Amino acid sequence: MANTYRKVTEFPSLQAFAEYLRQEGIQIGLSEGHDALAKPAVVHGRTVGNRWAILPMEGWDCQDDGAPSEFTRRRWLRFATSGAKMIFGTEAAAVMHSGRSNPQQLLVAPHTAEALKKICAEMRAAHREKFGRDDDLQIGLQLTHSGRFSHPNKADRLESVTAYANPLLDAKFHNGPENVVKDEEIPNIVRQYVDAAIIARDAGFDFVDVKQAHGYLGYEFLTAIDRPGPYGGPFENRTRFFREIAEGIRKAVPELPIAARLSIFDIIPFVKGEDGVGHPMAWQGPYPYAFGGDGSGLQMDPELTEPVRFVKVMQEYGLELICATIGSPYYNVHMQRPAYYPVSDGYQMPEHPLYNVSRHLLAVKELRKRCPGIQVIGSGYTCLQEYLPAAAQYALEHDETDFVGIGRMVLSYPTICDDVLQGRPLNRCRICRTFGDCTSAPRAGIRSGCYPLDDFYKKLPDAFKHVGPR
């Protein structure tokens, strides 16, 4: 039977919630106020007006050819008018058709370039109209290849491109040696990243985010310890894929800053047990495939040895900004996206979701401490719901993060950043309760969106019907 945890809505005050966290031994600091969130920062040589950041999410609502649709435009304009001054990555955008995570994912290609340019300009105009200026706004575009999780042609047909043969992930997702990308195919993928960066520059984006997270291709190379040849084995080889992309972008568009979404650490894949709860897959001995892990398969390396080493490599290519995450939404979603309710193809929480919020916060704190000069956007905050702003304020006050990133929350509550900065009471009817329907809908082949709380999606003819707790 699934564990039950007290919901955030049960606590009538910040003090009551803080006491509960203390009793549970969950290390999440809380502070009143919003002054730390309102402070500007300097990134890429320019002022960013506050410390809110919108995290890049994976849309299932672009056109068949990968061009942004009206649904995409609506989401992006809501990001632009949220009050956040850092739009990190905007969206997970595939650099080539075969690397799309779903048939409706955004694609960065010559035929989508003009649409991207138009929508980027509209975002700036909408932000300027609402807030009076946009010179302190930065908008990035996330470049990615979904690798093992590619579904470019049909939502129910996996067409994996893997970095190496991982025994557990191969078993879980039915991959084999035929899915491992060949050395001679990699230069073409690198070239696609570089070409996409050129398009992003011409479209008016301030920077590109080269995704190194969530088990996608870029991240998977970081754990390719068993791969022979120049892209596997020693650390220098496992970081070669990123280094070649960064070097190519730096040569082609030297004026375009590079940032990265990075999974600071990973754990062993989880599966649903007979009790409906998530359990780690069976493995004997140390687990070597979790980047940033301590070898147990379940915890972060307290020294963050390889992540710190990798960040320092990225800094050599001029990276100033990391957008932090942990784990993967495909095989340990309870940690990567803390929630009280499972997604449709997921499992009940094996541990307190707020404990996994604390893991996000701790990972960011440790990475910043060990990597002087890097600025970090934290994530994992949405599960805190009403008390998200208090945790954000605390983390910034105590120099534990540089920016506070939100993803799911901005889908349900698109003005939360501005409301907090203006000292308005939160609109409780808009707060994300982590029902997971923004993920469950795409799992069912329906466009992504907040079906429980956004009337726009509720009224669509193909609206996702199974909203809320199941």
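Reply: A crossing is left-handed if the near helix is turned anticlockwise from the far one by less than a right angle, and right-handed if clockwise. Helices (H or I, at least four residues) and strands (E, at least two) are DSSP runs, numbered from the N terminus. The model is predicted: local features need pLDDT of at least 70, side-chain atom pairs count only at pLDDT 80 or more, and totals for chains, interfaces and linings use all residues. Residues are numbered from 1 along each chain as its sequence is written, and side-chain values use heavy atoms, with hydrogens and water left out. Here, helix 4 passes helix 6 in a right-handed crossing.

Me: Which residues of helix 4 and helix 6 make the contact?

Reply: Contact means heavy atoms within 4.5 Å. Helix 4 contributes A113, L116, K117 and C120, and helix 6 contributes I199, D202 and A203. For classes, Ala, Val, Leu, Ile, Met, Phe, Trp, Tyr, Cys and Pro count as nonpolar, Asp, Glu, Lys and Arg as charged, and the others, Gly among them, as polar. By that scheme the contact has five nonpolar, no polar and two charged residues.

Me: How should I read a nonpolar core, and which residues have the most contacts inside the largest one?

Reply: In soluble globular proteins, nonpolar side chains tend to be buried together. A nonpolar core is a set of buried Ala, Val, Leu, Ile, Met, Phe, Trp, Tyr and Cys residues joined through side-chain atoms within 4.5 Å. Buried means under 20% relative accessible area, exposed over 50%, partly exposed in between (1.4 Å probe, protein chains only). The largest core here has 131 residues, and I28, W52, F241 and L354 have the most contacts inside it. Helix 6 (residues 186-203) gives the most to this core, with 10 residues. Another core, of 13 residues, lies apart from it and includes A41, V43, A53 and L321.

Me: What does F241 touch beyond its neighbours within four places in sequence?

Reply: F241 is in contact with I186, I189, V190, Y193, L217, G218, F221 and Y231.

Me: Is H360 buried or exposed?

Reply: H360 lies in helix 12 (residues 353-370). Its relative accessibility is 3%, so H360 counts as buried. Leaving out residues up to four places away in sequence, H360 touches T325, I326, M335, Q336, P338, S379 and G380.

Me: Where does P280 lie?

Reply: P280 is in strand 10 (residues 278-280). With 38% relative accessibility, P280 counts as partly exposed. Its contacts, not counting residues up to four places away in sequence, are I268, P269, F270 and L298.
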